[in-house]
Amino acid sequence: MMKKKSIPASKPFLILFLCQIISALDVPLDSKLLEELSQPPTITHQSPKDYIVDPRENIVIQCEAKGKPPPSFSWTRNGTHFDIDKDAQVTMKPNSGTLVINIMNGGKAEAYEGVYQCTARNERGAAISNNIVIRPSRSPLWTKEKLEPHQVREGDSLVLHCRPPVGLPPPIIFWMDNAFQRLPQSERVSQGLNGDLYFSNVQPEDTREDYICYARFNHTQTIQQKQPISVKVFSTKPVTERQPILLTPTGSTSTKVELRGNVLLLECIAAGLPTPVIRWIKEGGELPANRTFFENFKKTLKIIDVSEADSGNYKCIARNTLGSVHHVISVTVKAAPYWITAPRNLVLSPGEDGTLICRANGNPKPSISWLANGVPIAIAPEDPSRKVDGDTIIFSHVQERSSAVYQCNASNEYGYLLANAFVNVLAEPPRILTPANKLYQVIADSPALLDCAYFGSPKPEIEWFKGVKGSILRGNEYVFHDNGTLEIPVAQKDSTGTYTCVARNELGKIQNEVHLEIKDPTMIIKQPEYKVVQRYGQVSFECIIKHDSTLLPTVIWLKDNDELPDDERFLVGKDNLTIMNVTDKDDGTYTCIVNTTLDSVSASAVLTVVAAPPTPAIIYARPNPPFDLELTGQLERSIELSWIPGDENNSPITHFVIEYEDGLHEPGVWHYQTEVPGTQTTVQLKLSPYVNYSFRVVAVNKIGRSQPSEPSEQYLTKSANPDENPANVQGVGSEPDNLVITWESLKGFQSNGPGLQYKVSWRQKDVDDEWTSVIVANVSKYIVSGTPTFVPYEIKVQALNDLGYAPEPSEVIGHSGEDLPMVAPGNVQVHVVNSTLAKVHWDPVPLKTVRGHLQGYKVYYWKVQSLSRRSRRHVEKKILTFRGNKTFGMLPGLEPYSSYKLNVRVVNGKGEGPASPDKVFKTPEGVPSSPSYLKITNPTLDSLTLEWGSPTHPNGVLTSYILKFQPINNTHELGPLVEIRIPANESSLILKNLNYSTRYKFYFNAQTSVGSGSQITEEAVTIMDEAGILHPAVGAGKAMASRQVDIATQGWFIGLMCAVALLILILLIVCFIRRNKGGKYPVKEKEDAHADPEIQPMKEDDGTFGEYSDAEDHKPLKKGSRTPSDRTVKKEDSDDSLVDYGEGVNGQFNEDGSFIGQYSGKKEKEPAEGNESSEAPSPVNAMNSFV
């Protein structure tokens, strides 16, 4: 008995549904065949019904169609024939019906306004386009009018009328000022849907002379401007509060009609003081979830994608502290026609029956009318095979002359739908599309699929024969597929031969021969075996194969499933692999793979490298493979497998591993099935449908795995419906208007049968919609276009094959694509914590306006100017991101006494939303930085002149400078501290009544109202007499200060020098006498007895002290009092102080003439009122050091 299955052949032809929709007769997508088949015209592209064109550009009216033979095109205009040959401005594109009206070379768009319709015609029928209404866009100027200034009392309401010119399409209205800045809107001031600007109550800040209404005409990219409107608000005290009244709409009730699928906009704007708050309710019901939005500070109710269920009474309530007012809007939702079942093309054979169904709905119910080839069917040529029954045309026993294109028109007062559907009656003798004498080569015991792709009308019957004069093939050993393919599930050697496919219908018969060759399977008759080899030895693996003599095999060796190492120690021979000088890293699994053009086999063995030869007494090895596998108890979903174990090789078998091969889907690939204890030699195995099973068994002991057994005989299970559906179904949009549905495809053996496909279904969540479904091929993605932005969808993906569907899949929730957020965060508030830190708050945006997954908020802030300098600089915006639904954040690192601006934006997966209005805040004053420099000049006997620079960063308004100074005596003691407050506008000061020849230390800083800034220090000396001015010299921090006075002519100095010279002469004489006596002179003894290791001789080259070893010398230098020679203190200058290094040493001579120096290791500290050691060097002592 013949057995039929509906699965594709090994090389299936794709199926073309003419006009991409369902037909009664399948036509293979064969280019040669398609060129020969006739087809009525089909409109493939046309301009929109309402086509607004730019009057400055050429008008292009699209009309494209396909058909066989190629269709010709004609046009009507306003219901009459449009002869394009008589109008030089109009041309038709070649091989197309598209019209091009030349406006740019003298034509006028207004002359071509009208209703156009295209007809595409060939010998099989005529298809028509929609009625295309051509209208040029218009952007008229504002009519001139005299606008009187508005004088309004504070607290009253006000409406500024825009009244834009009527354009096509209508313009977009917005209000701006003379500086082209949008006027800020709020709950108090907002723009209505009609473009007027409404003030619930006016405030003094509303006074201005440049309220300007703009109309933007997008089609022509032009903007028209109304004359500025002047508003002056005058105040009266006290301001009278008022309860709410409605500015729009007027009265207590009104009506609104909207069409199904459109956006419903309802508006209520109220006057009152305080400003009223608007609330919306639906009487007797709830506002639709997920489709309701509030705009314009809740003054506008927006419901998207309205349906008849949204009809009803909507009430807006305006309320303030003095009362409330309400208005009821009665909404009626009507519907333009929409398809329930659009007519679909029919491809029929002569004598067949068929129907065209055209069903549409709307409110009111649309009327259905039929046309044939563009002519009302009532006056069209009669066709005895055709009968019209309302929305259905019934065809009976059609003939080839019945081919035509039918149009269904569904219309009501709100619009119409027009659909073309053709009836194509084809009478074609059979054709076989598979090439003649095609050769098929198959490995023995594998399935063989012989193609016979065909076409004919009526559909031909297919028969197969073996041999030239053989009988028709029948029986269970063959499977005959609907697409003509002959399947031999288990091909044997005797299957070799010539097979003939015969296709016949009432118009003729045709046959085609193909040839089948059965090849011997490739086998490894000597497999590589497990080896144990001593380190540095040699090992060989054998791989001897047997193959069909007509096939050319290739042998590849792998180590651990990877290529062999690039090492000359590995030698690959014809039948073996040899490894020389084996090392530990050669340990692993070696696999021999044999490939031919039809099959592939492999075998593996493990190499174990040991340090010493194995113990000869007992050899433990892997078990030998099981053998004699037998299948019994064959059922649809189970089978019993039994085997005989191989030798254990001195290690008991712990368990057996059963593996299977799917010869139908993955031949040559072995998969894990199950495992059983080592004492068991039979197992009941669960099977899947539509799998050609072979089994093998592997024995396992403590040493390792045996080689697999020889495969069992093959067992092909029957096909069945899929048992499972795809996993990991997801729905995520990649664009704002799409939904990308993905899933993990089923594997081959999971298909349970031929013709694996998927039914993808989706519908919008929480909306009373039917499921939309599409059946796709064995893919893993489907894209739904034209979705609303970021709405949830219920999604399910169901597997099916030629035998039926898998169980009903579970539903998952996905979302269509995200778009940028619609609104900015509101109520942005800034709390300044201190001069460098502020805290910002904002209200979260409604989640419905985020239009995506909320990721957080971004705060943009920047410094506008410093309040102390009034100078602007380059704006450097900083950005802080706050994750999640956080509504506050801290702004660190601000500069004191500065003006800042910030705004807040919401962020989703698509990007950032609009910015909130810029919020201005100011940071308070802080303490200033230190003065930029301090310079001391013009020293006299009793005065010093101080000059300074203002702080680099005042951080506020300077109130004064603080100068502190104190004298420093020769013992490093500090005198009393004097403090002077200096006005902030001063930059110099002369200090008088100072002591002559005295060192002073100065501490100088600036102040704001917050406090004092950091100080800088300086030292200076008044001169000793008129002979010279003492300039303190500062080196790199180690040189001593030197203040020289011309004393060479002083009498006391000459006398002192003579005494010193005399004393040295006496000492030299005494030393000479003592040395001649061989003894030590007393001074030397004293030095030896009281040697101080910390006192080092002076350097001969410069007369300064040698290196001193006190640990304090290695401490960091403190901020000291040494300054450069110009007496200027700057931040980057060295803060070393020579006082820290004891340049004020009192030098004295001992009785033996040696120099004794006292070192002062004290460091300078903060100024205090006490006498602390901070001694300055004495000019006299400095001179003594050079004697």
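Trainee: How far apart are the sulfur atoms of C268 and C316 in their disulfide?

Mentor: Happy to start there. A disulfide is taken here as a pair of cysteine sulfur atoms within 2.5 Å. C268 and C316 form such a link, with their sulfur atoms at a separation of 1.8 Å.

Trainee: Which parts of the chain does that link tie together, and how many residues apart are they in sequence?

Mentor: Strands are DSSP runs of E with at least two residues, numbered from the N terminus. C268 lies in the loop between β25 (264-267) and β26 (269-273), and C316 is in strand β30 (residues 312-320), so the parts tied together are 48 residues apart in sequence.

Trainee: Before we go on, what should I keep in mind about the model and its numbering?

Mentor: This is a predicted model, in which local features need pLDDT of at least 70 and side-chain atom pairs count only at pLDDT 80 or more, while totals for chains, interfaces and linings use all residues. Residues are numbered from 1 along each chain as its sequence is written, and side-chain values use heavy atoms, with hydrogens and water left out.

Trainee: Are C268 and C316 buried or exposed?

Mentor: Buried means under 20% relative accessible area, exposed means over 50%, and partly exposed is in between (1.4 Å probe, protein chains only). By that rule C268 and C316 are both buried.

Trainee: What is the handedness of the link between C162 and C213?

Mentor: A disulfide joins C162 to C213, with an S to S distance of 1.9 Å. The angle about the S-S bond is -65°, and the link is left-handed.

Trainee: And what torsion does the bond of C358 and C408 have?

Mentor: C358 is joined to C408 with S to S 1.7 Å, and both are buried. The link is left-handed because the torsion about its S-S bond is about -65°.

Trainee: How many disulfides are there in the whole structure, and what is the pairing?

Mentor: A search of the whole structure finds 6 disulfides. Numbering the bonded cysteines in sequence order, the pairing is 1-2, 3-4, 5-6, 7-8, 9-10, 11-12.

Trainee: How many bridges does β33 make with β38?

Mentor: The two strands run in the antiparallel sense, and I357 stands opposite T392 in β38. The pairing of β33 with β38 (residues 392-395) extends over 4 bridges.

Trainee: What is the mean pLDDT of the chain?

Mentor: pLDDT is the predictor's confidence in each residue, from 0 to 100. It stays under 50 over residues 1079-1187, yet 84% of the chain's residues reach 70 or more. The mean for the chain is 83.

Methods:
Two strands pair if DSSP finds at least two bridges between them. Contact means heavy atoms within 4.5 Å.
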